[in-house]
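The sequence and the model are shown first.

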Amino acid sequence: MIFSYFSHISHFSKIAAFSLGVLSASSLFAFSWPRSTSGGEVFAKSFGQNRAGTVSNGVVFQDESEVHTIDNGKIVAIISEHDDDMAWFESTLGTAIIVAHENQLCSVYANLDSAEIPEDVFTLDELDAGTSLGKTGKSNWHEEEAGLEFQIIDTKNQVLLNPRLILPRTRTEADKIAISNVTAVSAKGENYNFLIRRSLPSGTYKIYYDAQSEITPYKTTITINGVATETISYDTLQQYKGRLCASKKKFYPSEVLFPDSNRQLIGEVSLTRGKINLAIIVTDIFENEKATSFALDIN
């Protein structure tokens, strides 16, 4: 698991305290892009998205590119593709460079082409923001992808941070958010599609909708009669009982978030008898919202 190397990183550098609480979807960014951009983010995979049955713990850019450090820092590890000497690191990243910064964050640049890493990177004690780390390749476990795999690790709180919280934002994704095919799955595995059936027995339900193909929402919220009862936030991912999970009040591993390639969890709620209004709110990284609601009869 990716958290197994937090203790190793702490041996390399002592960096100042960092509070995750100061970050939000509207936080001011303080870092530059890890690769050249043309005014917009182009991701093959977003943080928290379904990635071959796992939860994407970073962002994966489209296409091959040059890679640069996002801020000043120190290299704490360089991992070569299939390097058995670095068994404590998640080898699926391929060739990767980890840089520690002065706010107890580490940036991870993965899927690099080992032949393109500049020689001076191996000898530099300090790296300036914008230092070249070479080019991307096809060294990670998705060997057909040539884009940069980029992660941010909060070593103090031992969570993976959504990189988009600290990177510049240049466009809106509100037009890409969609809420469709909402279904409720009971504890017994019974499925209820809200477009077809609005009468349900009382009980606990997991609420799903069609997974987004291009983005993962920053946050999903369920309200019952106007009161927020469940929220899943994709600001961080953390380890719980040995599994990487999204959370807010509860921990949700990948098989619950994505029971198949088509569905994504909105949240889990308990429905009691009576007529209720169940609303779903989906929020993107820019805090744009889309919402829909259903009048349900719970018996």
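## Salt bridges

Glu126 and Lys74 form a salt bridge, with their closest N and O atoms 3.8 Å apart; a salt bridge here is a side-chain nitrogen of Lys or Arg within 4 Å of a carboxyl oxygen of Asp or Glu. The pair links distant parts of the chain, 52 residues apart: Glu126 is in the loop between E8 and strand E9 (132–135), and Lys74 is in strand E6 (residues 74–79). Helices (H or I, at least four residues) and strands (E, at least two) are DSSP runs, numbered from the N terminus. Glu126 is partly exposed, with a relative accessible area of 44%, and Lys74 is partly exposed at 32%. Buried means under 20% relative accessible area, exposed over 50%, and partly exposed in between, with a 1.4 Å probe and protein chains only.

The model is predicted, so local features need pLDDT of at least 70 and side-chain atom pairs count only at pLDDT 80 or more, while totals for chains, interfaces and linings use all residues. Residues are numbered from 1 along each chain as its sequence is written, and side-chain values use heavy atoms, with hydrogens and water left out.

## Other charged pairs

A search of the whole structure gives 7 salt bridges. One of them joins the side chains of Glu255 and Arg243, at 1.5 Å from N to O. Glu255 is partly exposed, with a relative accessible area of 41%, and Arg243 is partly exposed at 40%.

Lys275 forms a salt bridge with Asp297, where the closest N and O atoms are 3.8 Å apart. This pair also links distant parts of the chain, with Lys275 in strand E21 and Asp297 in strand E22, 22 residues apart. Lys275 counts as exposed at 71% relative accessibility, whereas Asp297 is partly exposed at 31%. Lys206, Lys250 and Glu268 are linked in a network of salt bridges.

## A buried aspartate

Asp284 sits in the loop between strand E21 (274–283) and strand E22 (289–298). Asp284 is buried but has no salt bridge, and the nearest side chain of opposite charge, Arg164, is 7.7 Å away. For charge, Lys and Arg count as positive and Asp and Glu as negative, while His and the chain ends are not counted.

Which backbone nitrogen does the side chain of Asp284 reach at 2.9 Å? That nitrogen belongs to Phe286. A polar atom of the Asp284 side chain also lies 2.8 Å from the backbone nitrogen of Asn288. These are polar contacts: pairs of N or O atoms within 3.5 Å, where within protein one atom must be able to donate a hydrogen and the other to accept it, and residues adjacent in sequence count only if both atoms are side-chain atoms.

## Nonpolar cores

The largest nonpolar core has 51 residues, of which Ile70, Tyr109, Phe150, Ile166 and Leu257 touch the most other members. Strand E8 (residues 105–112) supplies the largest share of this core, 6 residues. Another core lies apart from it and has 22 residues, among them Tyr192, Leu271, Ile276 and Leu278. A nonpolar core is a set of buried Ala, Val, Leu, Ile, Met, Phe, Trp, Tyr and Cys residues joined through side-chain atoms within 4.5 Å.

Leu257 touches residues that include Val55, Tyr208, Ile232, Tyr234 and Arg263, not counting residues up to four places away in sequence. Contact means heavy atoms within 4.5 Å.

Ser107 lies in strand E8 and is buried, with a relative accessible area of 0%. The side chain of Ser107 makes polar contacts with the side chain of His101 at 2.7 Å and with that of Tyr109 at 2.8 Å. With residues up to four places away in sequence left out, Ser107 touches residues including Ile70, Ile97, Phe150 and Gln151.

The structure holds 6 aromatic pairs. The rings of Tyr109 and Phe150 have centres 5.4 Å apart and planes at 55°, so this pair is tilted. Tyr109 in strand E8 and Phe150 in strand E10 (residues 149–154) are 41 residues apart. Tyr109 is buried at 0% relative accessible area, and Phe150 is buried at 0%. Rings of Phe, Tyr and Trp (its six-membered ring) pair if their centres lie within 6.5 Å; planes under 30 degrees apart count as stacked, over 60 as edge-to-face and the rest as tilted. Ring pairs also link Trp33, Phe43 and Phe61 into a cluster.
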